[in-house]
Amino acid sequence: MLDLHELEKLRMNAYDSASLYKARTKAWHDAQISKKEFVEGQKVLLYNSRLKIFPGKLRSRWSDPFQVSKVFPYGSVEILNDKYPPLKVNGHRLKAYYEGQPIEKPKNVSLIDVFKSP
């Protein structure tokens, strides 16, 4: 009878340890998630996970920049682009698009011209 009580204590201890581990892991995971908030007029990229649309391994799965037209509660966002009709998508499939500075065209320099100059 004493062995059964000790076995039950060990089981309860293991159960408590597992639930504490799960709670701490969930808290750490939730802290790592960043909240994305979009505003109307913002440019975003859309993640498309369908492999048939994007043939090739090295092609980016983020589609053209879209513009946010409407933000709904609970993370839904309506986006639009010139090529596509308005789409209502989950905010988890979007990321902010930052336009960089325009790049100047590189200058063509011939090696012959470089060696001829005094």
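## Confidence

The chain has an average pLDDT of 85, and 87% of the residues score at least 70. pLDDT is the predictor's confidence in each residue, from 0 to 100. This is a predicted model: local features need pLDDT of at least 70, side-chain atom pairs count only at pLDDT 80 or more, and totals for chains, interfaces and linings use all residues. Residues are numbered from 1 along each chain as its sequence is written, and side-chain values use heavy atoms, without hydrogens and water.

Confidence is highest in strand E3 (residues 76-80), at a mean of 94. It is lowest in helix H2 (residues 111-116), at 67. Helices (H or I, at least four residues) and strands (E, at least two) are DSSP runs, numbered from the N terminus. Where pLDDT is low, the predicted coordinates should not be read in detail.

## The core

The largest nonpolar core has nine residues: Phe38, Val44, Leu46, Phe66, Val68, Val77, Ile79, Val89 and Leu94. Such a core joins buried Ala, Val, Leu, Ile, Met, Phe, Trp, Tyr and Cys residues through side-chain atoms within 4.5 Å. Buried means under 20% relative accessible area, exposed over 50%, and partly exposed in between (1.4 Å probe, protein chains only). Strands E1 (43-47), E2 (62-71) and E3 each give two or more residues to this core.

Leu46 is in contact (heavy atoms within 4.5 Å) with residues beyond four places in sequence, including Phe66, Ile79, Val89 and Leu94.

## Exposed residues

Leu4 sits in helix H1 (residues 2-32). Leu4 is exposed, at 57% relative accessible area.

Tyr74 lies in the loop between E2 and E3. Tyr74 is also exposed, at 84%. Its phi is near 65°, a positive value in a residue other than glycine.
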